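Here is a short report on one protein model. Look it over first, then read on.

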Amino acid sequence: MKRKILSALRAISPRLAERVARLGRRVSSAAPSADSGDRTTQLEAAVERLTTEVRELREEIDESRRDALRIAELTDIVERRLAKDGE
């Protein structure tokens, strides 16, 4: 399960996936092995939460790009009309 989640995260954001993997290795080496099920569950929840956040951020970035494109189009229209009026 953990590998599937990390694989999905790598597809979305390789850099973030690497950070999560490093965090998992640090937690694994620091914590006792008796509660490894709990740690795995917590890491899976953290990865899922981070994956959701990355997806939301990407959606916001795409929306900002669309807005910027629309602003550029409107600026072109205004410039052309102002140039026409100036002639």
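## Surface

Now turn to burial. The protein has 87 residues, and 18% of them are buried.

## Confidence

This is a predicted model. Its mean pLDDT is 82. A pLDDT of 70 or more is reached by 83% of the residues.

Where is confidence lowest, and where is it highest? The lowest is in helix 2, residues 14-30, with a mean of 71. The highest is in helix 3, with a mean of 91. Where pLDDT is low, predicted coordinates should not be read in detail.

## Overall fold

Count the elements. There are three helices and zero strands. Along the sequence, the pattern reads α-α-α. Helix 3 spans residues 36-86.

## A look at Thr51

Thr51 sits in helix 3. Is Thr51 buried or exposed? Its relative accessibility is 10%, so Thr51 counts as buried. The cut-off for buried is under 20%.

What does the side chain of Thr51 reach? It reaches the backbone oxygen of Val47, at 2.7 Å. Thr51 can also be compared with a residue elsewhere in the chain. Thr51 and Leu16 are 35 residues apart along the chain, and their C-alpha atoms are separated by 8.9 Å.

## Salt bridges

How many salt bridges does the structure hold? It holds two. Side chains of opposite charge can pair when their charged atoms come close.

Take Arg65 and Asp62. They form a salt bridge, and their closest N and O atoms are 3.7 Å apart. Both residues lie in helix 3. They are three residues apart, which is about one turn of the helix. Arg65 has a relative accessible area of 57%, so Arg65 is exposed. Asp62 is at 36% relative accessibility, so Asp62 counts as partly exposed.

Glu73 and Arg70 also meet through their side chains. Their salt bridge is 3.2 Å, N to O. Why are Glu73 and Arg70 separated by about one helical turn? Because they are three residues apart in helix 3. Glu73 has 36% relative accessibility and therefore counts as partly exposed. Arg70 has 44%, so Arg70 counts as partly exposed too.

## Recap

The fold is α-α-α. Thr51 is buried at 10% relative accessibility, while Arg65 is exposed at 57%. Confidence is highest in helix 3, where Arg65 and Asp62 both lie.

How values were computed
Residues are numbered from 1 along each chain as its sequence is written. This is a predicted model: local features need pLDDT of at least 70, side-chain atom pairs count only at pLDDT 80 or more; totals for chains, interfaces and linings use all residues. Side-chain values use heavy atoms; hydrogens and water are left out. Helices (H or I, at least four residues) and strands (E, at least two) are DSSP runs, numbered from the N terminus. Buried means under 20% relative accessible area, exposed over 50%, partly exposed in between (1.4 Å probe, protein chains only). A polar contact is a pair of N or O atoms within 3.5 Å; within protein, one must be able to donate a hydrogen and the other to accept it, and residues adjacent in sequence count only if both atoms are side-chain atoms. A salt bridge is a side-chain nitrogen of Lys or Arg within 4 Å of a carboxyl oxygen of Asp or Glu. pLDDT is the predictor's confidence in each residue, from 0 to 100.
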